[in-house]
Amino acid sequence: MSEHEFAVWAPLPHQVRLDVEGTLHPMTRSDDGWWRAVVDAASDARYGFVLDDDPAVLPDPRSPRQPDGVHERSQLWDPRSQAWTDGDWHGRSIEGGVIYELHIGTFTPEGTFDSAIEKLDHLVELGVDFVEVMPVNAFSGTHGWGYDGVLWYAVHEAYGGPDGLVRLVDACHARGLGVLIDAVFNHLGPSGNYLPKYGPYLSSGSNPWGESINIADTGADQVRRYILDCALRWMRDFHADGLRLDAVHALVDTTAIHILEEMSAETDALSTELGRPLSLVAESDMNDPRLITPRDQGGLGMTAQWDDDIHHAIHSAVSGEQQGYYNDFGTLETLATTLRHGYYHAGTFSTFRGRRHGRELDTATIPATRLLAYTLTHDQVGNRAIGDRPSQNLTTGQQAVKAALALGSPYTAMLFMGEEWASSSPFQFFSSHPEPELARATAEGRKAEFAEHGWDADEVPDPQDPETFLRSKLKWDEVTGGEHARVLDFYRRLIALRRDEPDMADPWLDNLRIEYDEDARWFVMRRGALAVVCNLGTDEVDVPVAGDVVLAWDEPTVGSGSSRIGGHSVVVLRTTT
C-alpha cells in the first residue's frame, strides 16, 4: 500500500466521492472542475467515482485498466513498472514505408496480443515496416471492430489488457517493426459511455456514428486536453511509433487552432523528448492537402493521410465495380489522373456526393509519401454488405495487378491482414453488445443501411452472431498452399523491389510517368528506368515497352520494342524503351 492521488474532471456534479475497493472517500473540488483525493491504495487497486446521490460506482474517464468490462470499476496500472527491452529502438517515420493493418481479434485464432506476437516473423519475412493495429481501447462486449470505444485510455481486456499491449509493442520493436495504434476521437460507443455524467464531453452536433465530441463549445478546453493526453499516452506509455486517427473529418473544430494542429505540435514535442520519430496518419475523405501540409506552411502538420481516391481508382479499374462511391472511377484515364496527382477529386464534381469535392495537391512541395496507397482496408472490405475480399471476386492475376500498382507507386503503402496471400476469409462487421435492445438495433440498422444501397438485406450477416466474428478470422493454414503461396511470394518480391531499387525511392509525383491504352486495357507506370506494366484485360496484349524482366506474375514475351503480356498479369521491366 502507498499513497496515490486520484483525480477526475467532473464540473457537472455537486459532489464526487472516491470508491477504493468498496470504501468511500471524500474528494476536494478546485475551481477548474477537477476533484482530487490522496488515499492509500494497492498498486492494482480497483476504484471508481460516485457522483452526487447516485450510488453507482462509475469508471474513471481516464481509466488505465478495465479488468471487468467498461461498466465496472477501474484498476490502477502503472506504465513505469513495465519491463521494456526496446532501449535500442530508435524508430523511423512512416513516410515511404509499408504498413500492415490488422485486427487483433481476427488476426489469429486466439485473438490476443500474445498470439499476434507469434506471427510477427511472418511480417518480418514479408518485409513490412509497421504494424497498424485497429483500435484496442476498451469497448463493451468481448469482440468488435473497436471503433465503439468508451474508455479511450484503457486497453481492451479480451486482447490481453495493457500488459499484453506492452508485450506486443516490445516484440515488434525487437524485430525492427514500428507500431501504429488506431485511435478514435470523433465519437463514443453506445454502451458504457458515462462521460456526459462527468462533464460536457459531447457537443450539440452529430456524425454518422453518434453525438460529436465537444472540441469547440463551452467547456471544450478540458475535453481537448482529454483527447490530446490520450493521444500522447499511446506513444509515451506504450511506446507506439504513431497513431492512425479515425475519420478526422468528423472532428468539427471552429477554433483558431485546430485540434489536429495542436496534436501535431505536441506529438513533435514528445518526439524530441523521446528521441525517436512519431507519426500521425489521418483518415480523411476531404481531399484537403492542408491536412498534410507542415504547420509552418499554414497546414495541420499530419505526417500522412489515407487516400481513398487511390484505392477507388485501382479497385474500380481492375474489378469493373462502379456502384456507390466508385461511380466516378473505373477508367484507365481516371487511374492515371489519380496516381499522377494524388487526388482524383480536386475541386471536381463528385457524382456520389452531388457536389464539387477536394482541392488540388501541390505535387512540387508535398511528396507522395504523405499519402497512403492501398488496395483494401478494414473499411473497404468490412463495409461491403457481406464483407467479401477482392480474393473472393477477382483472379489472383488481378490481385497481383492491384498489388503492383499500390506497392510499385511512390506513395506510402499499406496492406490489410491476409491480403498478402489472398486470404479466403471475409472481414465482416461484427459486434458483441450485451444489451439485447442494442444488439437488435445494430443488426437491424446494418440490414437497413445496405438495403438502401441495393444489397439484399437477407445476405447481410448478423453482426451479433458469433459466427460472423469467427468467419472473419484468418486461416493461416492457407499460407503455404497453391495460389496462396504464389501470391505471398509475389508480395514479398514486390516489397523487396520497393526497398532495394533506388528508382522506387523517388517520392515526387512530378517524376512519375504513366502511359495507357483504354481500349487495349494496358497500363504502364514508370519509376525511373523501371516500368510496372499491367494488363487489366483478359486477353494477351502487346505493350510498347521492352527491357529486362525484374519481376513478373506470368512470364512475358519481350521483344526489341514491345512486350506481350498475358491477361490479368503484370511485369516489372528494367526498360530499354
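1. Helix α14 covers residues 482–500 of this predicted model.

2. Several residues of α14 are buried, namely Val 487, Leu 488, Phe 490, Tyr 491, Leu 494, Ile 495, Ala 496, Leu 497 and Arg 498. An α-helix has 3.6 residues a turn, so residues three or four places apart point the same way.

3. On charged pairs, the count comes to 32 salt bridges. Side chains of opposite charge can pair when their charged atoms come close.

4. Asp 121 forms a salt bridge with Arg 175, with 2.9 Å between the closest N and O atoms. Asp 121 belongs to helix α3, while Arg 175 sits in the loop between α4 (161–174) and β12 (178–183), so this pair ties together parts that are 54 residues apart in sequence. Asp 121 is partly exposed, at a relative accessible area of 41%. Arg 175 also counts as partly exposed, at 32% relative accessibility.

5. Arg 244 and Glu 283 form another salt bridge, their closest N and O atoms being 2.9 Å apart. Arg 244 lies in strand β15 (residues 242–245) and Glu 283 in the loop between β16 (279–282) and β17 (304–306), so parts that are 39 residues apart in sequence are tied together by the pair. Are these two residues buried or exposed? Arg 244 counts as buried because its relative accessibility is 0%, and Glu 283 counts as buried at 11%, where the cut-off is under 20%.

6. In the salt bridge between Arg 564 and Glu 540, the closest N and O atoms are 3.5 Å apart. Strand β28 (residues 563–565) holds Arg 564, and the loop between β24 (530–535) and β25 (541–543) holds Glu 540, so the pair ties together parts that are 24 residues apart in sequence. Arg 564 is partly exposed, with a relative accessible area of 36%. Glu 540 counts as exposed, at 53% relative accessibility.

7. Which residues are linked in a network of salt bridges? Arg 62, Arg 225, Asp 229 and Glu 266 are linked in this way.

Definitions and conventions: Residues are numbered from 1 along each chain as its sequence is written. This is a predicted model: local features need pLDDT of at least 70, side-chain atom pairs count only at pLDDT 80 or more; totals for chains, interfaces and linings use all residues. Side-chain values use heavy atoms; hydrogens and water are left out. Helices (H or I, at least four residues) and strands (E, at least two) are DSSP runs, numbered from the N terminus. The expected span of a helix is 1.5 Å times one less than its number of residues. Buried means under 20% relative accessible area, exposed over 50%, partly exposed in between (1.4 Å probe, protein chains only). A salt bridge is a side-chain nitrogen of Lys or Arg within 4 Å of a carboxyl oxygen of Asp or Glu.
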